[in-house]
Amino acid sequence: MEEILEEKNEEEIMEKEDLESDNDSLIDVNVGDKSIKEGIQKDDDDDNEEENEEEVENKDDEDNEEEDEEVVDNKEEEIKKVVENEVIDLNVEKIDEDEKETKLTQRKLRNNNDNDEDNEIEEEMMEINFKKKEKIKIEEIQGEENEEGYRGKTNNGKYFKVPKRQEAVKIFTNPLNWTITEWLQATLVFNVVFLFLPNSQIILPFIFLFWRFCYNVGLGYLLKKQSETSLVTQIYEALSKIPEINKILNRVIKSCIIIEKDQDEEELLNELPVEFKAWCSFRGFIDIILGHDVGSYICFCLAFIQCPSFDNIMYDVFLYLVGIGLIVLTLWAKMDAYRVVKDFAWYWGDFFFLIEQNLTFDRVFAMFPHPMYTVGYSAFYGTAIICRSYTVLYVSIIAHALQFIFLIFVENPHIEKTYGGEIARDYEAEKVLTESGYLRRDLILFKNFSIFRSSDLFMVIIVINFFLQFFYNLPGWFYIMQCLVWKISTSASLGYILINQSKDKDFFYNISYTKNKIDTFENWKRVLNCFMTINWAVFIVCSLHYMTFPTDLYGFYNWMVYVVIGLLLIALNIWSAVSQYDTLGSFGWFYGDFFIDNIASKLYYTGIYRYLNNPELVTGCAGYFGFAIMSRSWESFAIALTYQIITFLFQEIVEKPHMARLYGDKVREKSGIATAFQEILKESVNRSNNEKFKSQISKIQKKTKKSASSLLQEAEKLVDILKHVDH
């Protein structure tokens, strides 16, 4: 037993000596650069004076070099200690794990008869080994990313080394190496010809919509079939069997990848799996369609652009600034998204094969959902503002809507199939609550409506009665007061119930005179949904009362802009509500954690909650402002703003204290958007500080060179004077 322990201790000592030798080698490599930096930073006037005196006295370049070497040696000794401490700190974790593993082995040898303790020791050793394996995997992946590219995996489980890909900009800027895809993509310049035709404003919108349909419908169909049946791969296999076409496809593949000088092109192509080659060929097809899509849209906008009238210069400048800002926002979103997904996901590579890589979805991905399809198309609206064309605006809206259809029916199903759906909420808790009777097919606005449920019919009768008021000849102040009374009274009564319910789970049970808590919660759900629906109904009726309809064609075009903006805000509100429900479920939607305490509540920052902490406060009132904009009424806008303020007070007074009491530190302080925005600002500040530091260093270097050259000149003059004196 003692011999085994001695051997373990000897091995531990040998490992520490090896680590120290590694530290010394790392120090020798890094000392030179750091010593030079220290020498530059500690350059002052006193040192310059001493060096000048030494240069004059010695009159010899060799003596100056020896003195510099002594200074460098002293610097090296100081830096060596600092670097040694840094390297040792980096290896502390590894040494601790090795020491822990050694101690566990010694304990196991001492306690052969204690099975329980042996089991604990084995579990701890397994955990240490698991951590080591995870570190090795991370190092391997990092090595692949930095040196050899990523490792790919085909649908049949075959692994292969993914070659490094050429950047699209480099391919397009070298016409001598263009393939058929680049030449076909270059034909987009012929769209300019249509600008000079008399019917350009009729032709160019249809040309752009043609390429947009090729993108969203054509590519969408091929990608969907590729995800389901590998259709594109099958087409490539069939075409590659034709020798003439195979040569063209091979040239396209070679233009997409970087081939090293010592690599044989044919051998490399033969080693690549058919899925990768099919993707490279399909990538060229994508470039043709996307290139024509962008080129035709630019020509389409140029055909409809209008010069400003200069009647109101400030207004014109404001419009141009907004339009340019939206275009810049699109460029930033696209570039930042490309920084994360690279060309693999940019060209839908995961429809063909998968690669092992670590992606960090930060910055723009933490600020906007699907940034390449949402904020990435804000340039459509920026160009419409700059062109001052309703046609450009409406065609851009159609194109953007097609992009969302592509996202919903092509990309999202493939993402769920390949990577799995996101865990939106606690489905197990909902299952328990459904089985116990707390949750049913509850009415949410008009979702799950049943004509055979009396409460549903009663609510419909109330809403119809409110909408009939639109046909009454009632004064405007009546609709305004009706909105304010309903919103204030319902928010106050619901808030009062929830505040007391948060403190005492039997509060609503005691005042509702129900048989059990299940019936109590059922009554609460009906009251809450009825109040929410009434608030929407009275506001819509008020907006319709103040809405003014156009009387001429120009007024109709102008009014349609307000309608489009209003509908977009209403759509945003609907998406926000659906996303909230997907995350909260019926339990969270109806404030279930205020009423039910025997279910372990959990927080899920998924869906819209990934970006916003309180979406109801930010986007939950967008529909009110949408109706107010469509009505073009300041009265409706003021009521919408009042609704927003009341919602804010409800959040602060009712919901926040309950969340803090129930979840404590689990509640996130900053939203995803705020965190990402702070990271971007921090990176920008650090980058600017680094640039300033580099500029200061360069200035110091220039000043040092100038002073050194001037000192040498003065020294040469003194030497000449001394020579003349000697003579």
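In which helix is Lys-525 found, and what surrounds this residue?

Analyst: The model is a predicted one. Lys-525 belongs to helix H20, which covers residues 517-546. Its relative accessibility is 3%; because buried means under 20%, Lys-525 counts as buried.

The surroundings of Lys-525 can be described next. When its neighbours within four places in sequence are set aside, Lys-525 is in contact with Tyr-438, Leu-439, Arg-440, Asp-442 and Phe-590. The side chain of Asp-442 makes a polar contact with the side chain of Lys-525, at 2.8 Å. In sequence, Asp-442 and Lys-525 are 83 residues apart, yet their C-alpha atoms are 7.7 Å apart in space. The other residue is Tyr-438, whose backbone oxygen lies 2.7 Å from a polar atom of the Lys-525 side chain.

For context, the nonpolar cores of the model may also be considered. The largest of them has 54 residues, and those with the most contacts inside it include Phe-276, Trp-348 and Phe-353. Among the elements that give two or more residues to this core are helix H7 (200-229), helix H11 (274-304) and helix H15 (390-419). Helix H11 provides the largest share, 13 residues. A second, separate core has 25 residues, including Phe-466, Phe-539, Val-563 and Tyr-624.

Methods: Residues numbered from 1 in each chain as written. Predicted model: local features only at pLDDT ≥ 70, side-chain atom pairs only at ≥ 80, totals over all residues. Heavy atoms only, no water. Helix = DSSP H or I, 4+ residues; strand = E, 2+ residues; numbered from the N terminus. Buried < 20%, exposed > 50% of the residue type's maximum accessible area, 1.4 Å probe, protein only. Contact = heavy atoms within 4.5 Å. Polar contact = N/O pair within 3.5 Å; in protein donor to acceptor, adjacent residues only side chain to side chain. Core = buried A, V, L, I, M, F, W, Y, C linked by side-chain atoms within 4.5 Å.
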